[in-house]
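Colleague: I have the sequence and the coordinates open and would like to go through them with you. Could you put them up here, and then start with how you work out surface area?

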Amino acid sequence: MPWGQDRLLPILLATVAIRQKSPRIIFSSAAEMLDAFGFQQGGSQYRRLVASFQRIFGATFFFGTDTQLERTAVVHSARFNFMSEARIWYSRSSLERLLPGDRQNMILLSDEFYREILDHPIPTDLEAAKALSSSPAVLDLFTWLSYRCFTARGQERIPPFGPFGLVSQLGSAEYARPRKFREKLERWLRIVRAIWPTCPACIDQEGTGLLVDRAVAVVHR
């Protein structure tokens with residue numbers, strides 16, 4: 001599963017695919033790719049980006065249900081991948097800005113991923129996501145808040161723990177001490193508000209839940 005800064009890649013791929021209105025994403029040069037994904041120019045950064053692509057390409061999610069009917073058991077399974085094909089080139093020559101012929105960098109999103117981002121788009125601020133790439137936990141919270149605030153019909157309260165609690169939904173780590181998690185959450189929220197000033201999320205007065213309300217994370221510039 002995407003981990004650390006790899007989380008940023010599906011967000012960026014989804015955004016570029018929506019902008020280009022195609023599951024086939026084309027970059028004519030390494031510099032163009034690095035700029036699009038918020039990396040600094042340089043061979044080491046490009047190798048890092050390629051390694052991230054390789055990990056995301058190999059990520060497979062499995063979903064399933066196991067139902068016991070009156071006379072038989074029914075097992076329903078499905079799998080999900082982000083990309084179905086990827087072709088990435090790199091030239092060590094800094095003068096070769098454009099790759100010749102058909103040797104362009106090409107990423108083809110899977111049918112499942114492309115349909116999902118078309119059918120259920122989630123407005124999020126791409127520049128904010130790039131700024132949070134070095135803080136995966138805050139990026140998780142920002143992305144989750146972008147979704148929950150966009151789909152909220154009014155003020156909602158999410159408990160921190162339990163099967164449907166915030167920790168389970170973020171899925172990044174186990175927090176055995178509630179007070180320590182609340183401290184982390186408040187620190188993460190301060191960072192999110194610095195990037196998204198109108199974010200309505202806050203911890204309730206009792207400190208036993210996170211309050212969210214309808215809002216959109218996209219910052220109009």
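Modeller: Accessible areas come from the Shrake-Rupley method with a 1.4 Å probe, and for residues only the protein chains shown count as cover. On that basis the protein chain exposes about 13300 Å², and carbon and sulfur atoms supply 53% of this area.

Colleague: Before we go on, what kind of model is it, and what are the ground rules?

Modeller: This is a predicted model, in which local features need pLDDT of at least 70 and side-chain atom pairs count only at pLDDT 80 or more, while totals for chains, interfaces and linings use all residues. Residues are numbered from 1 along each chain as its sequence is written, and side-chain values use heavy atoms, with hydrogens and water left out.

Colleague: Fine. How many helices and strands are there in the protein chain?

Modeller: The protein chain has 8 helices and 8 strands, where helices (H or I, at least four residues) and strands (E, at least two) are DSSP runs numbered from the N terminus.

Colleague: And what share of the residues is buried?

Modeller: Of the 221 residues in the protein chain, 39% are buried, and buried here means under 20% relative accessible area, with exposed meaning over 50% and partly exposed in between (1.4 Å probe, protein chains only).

Colleague: Let's go inside. Which residues touch the most other members of the largest nonpolar core?

Modeller: Those are Phe37, Leu109 and Leu145, in a core of 55 residues, and a nonpolar core is a set of buried Ala, Val, Leu, Ile, Met, Phe, Trp, Tyr and Cys residues joined through side-chain atoms within 4.5 Å. Helix 1 (residues 8–20) gives the most to this core, with 8 residues.

Colleague: What does Phe37 contact, leaving aside its neighbours in sequence?

Modeller: Beyond four places in sequence, Phe37 is in contact with Leu8, Leu9, Leu12, Leu13, Phe27, Leu49, Phe53 and Lys130.

Colleague: Leu49 is on that list, so is it buried or exposed?

Modeller: Leu49, which lies in helix 3, is buried, with a relative accessible area of 1%. Apart from neighbours within four places in sequence, Leu49 is in contact with Leu9, Met33, Leu34, Phe37 and Phe39, and its C-alpha atom is 8.0 Å from that of Phe39, a residue 10 places away in sequence.

Colleague: How do helix 1 and helix 3 cross?

Modeller: Two packed helices are described by the angle between their axes and the distance between the axes. The axes of helix 1 and helix 3 (residues 43–58) come within 10 Å and cross at roughly 90°, which makes helix 1 roughly perpendicular to helix 3. The axes are lines fitted to C-alpha atoms, for helices over the stretch in contact, with angles running from 0 to 180 degrees between N-to-C directions; angles under 35 degrees count as roughly parallel, over 145 as roughly antiparallel, 65 to 115 as roughly perpendicular and the rest as oblique.

Colleague: Which residues make that contact between helix 1 and helix 3?

Modeller: Helix 1 contributes Leu9, Pro10 and Leu13, and helix 3 contributes Leu49, Ser52, Phe53 and Ile56. These residues divide into 6 nonpolar, 1 polar and no charged, given that Ala, Val, Leu, Ile, Met, Phe, Trp, Tyr, Cys and Pro count as nonpolar, Asp, Glu, Lys and Arg as charged, and the others, Gly among them, as polar.

Colleague: And at what angle do helix 1 and helix 4 pack?

Modeller: Helix 1 and helix 4 (residues 111–119) pack at an angle of about 70°, with their axes 10 Å apart, and are therefore roughly perpendicular to each other. Pro10, Ala14, Ala17 and Ile18 in helix 1 meet Phe113, Tyr114, Ile117 and Leu118 in helix 4, a contact whose residues divide into 8 nonpolar, no polar and no charged.

Colleague: Which residues does Ala14 touch?

Modeller: Not counting residues up to four places away in sequence, Ala14 touches Phe113 and Ile117. Ala14 is buried, with a relative accessible area of 14%.

Colleague: Switching to loops, where is Lys21?

Modeller: Lys21 is in the loop between helix 1 and strand 1 (24–27), and at 72% relative accessibility it counts as exposed. Phi of Lys21 is near 55°, a positive value in a residue other than glycine.

Colleague: Last one: is Ser133 buried or exposed?

Modeller: Ser133 is buried, with a relative accessible area of 17%, and is placed in the loop between helix 5 (126–131) and helix 6 (136–151). Setting aside neighbours within four places in sequence, Ser133 is in contact with Gln5 and Leu8.

Methods. Contact means heavy atoms within 4.5 Å.
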